[in-house]
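Let's read a model together, one feature at a time. Ask away as we go.

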Amino acid sequence: KIRIQLMNYPECSDLDFYRSYHTNFYNKAIHLVCIPILSICFLNFASLFDFIIKGDIALLISYSLYYFTLGSKIGTIMTIYLVLLYNLSNFWRSIDMNWRENSYILFISAWILQFFGHYIEGNSPALLTGLKQAFLEAPLFTMEYIYPSLLNSL
């Protein structure tokens with residue numbers, strides 16, 4: 001019901017839209033754990049591609065630029081968070097010879113857990129309605145629990 005009401009208002013932010021899919025405590029907890037894991041896996045996968053710069057760095061810069069469009073405070077904090085995830089992904093690749101296979105396993109497991117969270121909550125994932133919200137707002141959603149006052153400026 002909340003989701004339908006939010007979708008009818010054009011002033012509804014993408015983050016509010018994403019939040020409306022995650023109201024159950026258990027679903028939120030699952031996402032709080034799985035979203036950073038998925039972000040690290042995405043960085044691992046992106047590291048396999050070299051464009052003008054490495055794919056993982058391009059992904060980091062793209063996300064950071066997006067968050068700076070939401071404000072300098074949000075952009076700065078989210079960039080620090082993303083750099084932390086980037087460093088964790090680099091560390092993982094440096095110590096795990098099977099990081100690709102293990103990234104796939106963790107990636108699939110995290111998605112399954114998130115779908116299970118939505119089953120518990122009784123709704124469909126935001127991924128099925130909006131890719132932008134699912135991929136760009138998800139890390140911001142997790143940061144809301146780590147640094148609650150960050151999003152006061154939105």
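**Reading the model**

Q: How many disulfides does the rule give here?

A: A disulfide is a covalent bond between the sulfur atoms of two cysteines. The rule asks for a pair of cysteine sulfur atoms within 2.5 Å, and by it the count here comes to zero disulfides. Bear in mind that this is a predicted model, where local features need pLDDT of at least 70, side-chain atom pairs count only at pLDDT 80 or more, and totals for chains, interfaces and linings use all residues. Residues are numbered from 1 along each chain as its sequence is written, and side-chain values use heavy atoms, with hydrogens and water left out.

Q: Is Cys34 buried or exposed? And what about Cys41, buried or exposed?

A: Buried means under 20% relative accessible area, exposed over 50%, and partly exposed in between (1.4 Å probe, protein chains only). Cys34 counts as buried because its relative accessibility is 2%. Cys41 counts as buried too, at 0%.

Q: Which elements does the protein chain have?

A: Helices (H or I, at least four residues) and strands (E, at least two) are DSSP runs, numbered from the N terminus. This protein chain has seven helices and zero strands, so its elements read α-α-α-α-α-α-α from the N terminus on. Of its 154 residues, 42% are buried. Contact means heavy atoms within 4.5 Å; among contacts with a separation of 6 or more, 72% are between residues 24 or more positions apart.

Q: What does H4 look like as a helix?

A: In general, an α-helix has 3.6 residues a turn, so residues three or four places apart point the same way. For the span, you expect 1.5 Å times one less than the number of residues. H4 has 14 residues and reaches 20 Å from first C-alpha to last, close to the 20 Å expected.

Q: Which residues of H4 are buried, and what covers them?

A: The buried ones are Gly55, Asp56, Leu60, Tyr63, Ser64, Tyr66 and Tyr67. Their cover includes helix H2 (14–19), helix H3 (25–46), helix H5 (72–95) and helix H7 (131–146). Leu65 also sits in H4, but it counts as exposed because its relative accessibility is 55%. From Leu65 to Met78 you go 13 residues in sequence and 9.9 Å in space, C-alpha to C-alpha.

Q: How many salt bridges are there?

A: Look for a side-chain nitrogen of Lys or Arg within 4 Å of a carboxyl oxygen of Asp or Glu. That gives one salt bridge: Arg93 with Asp56, whose closest N and O atoms are 3.0 Å apart. The pair links distant parts of the chain, with Arg93 in helix H5 and Asp56 in helix H4, 37 residues apart. Both ends count as buried, since Arg93 is at 14% relative accessibility and Asp56 is at 0%.

Q: Which residues make the nonpolar surface patch?

A: Patches take residues with over 30% relative accessible area and no salt bridge; like charges are joined within 9 Å, nonpolar side chains (Val, Leu, Ile, Met, Phe, Trp, Tyr) within 5 Å. Areas come from the Shrake-Rupley method with a 1.4 Å probe, and for residues only the protein chains shown count as cover. Here Leu48, Phe49, Phe51, Ile52, Ile53, Ile61, Leu65, Tyr104, Ile108 and Ile112 make a patch of about 1,100 Å². Helix H4 (55–68) and helix H6 (99–121) each give it two or more residues, and H6 has the largest share, three residues. Ile112 lies in H6 and counts as exposed, at 56% relative accessibility.
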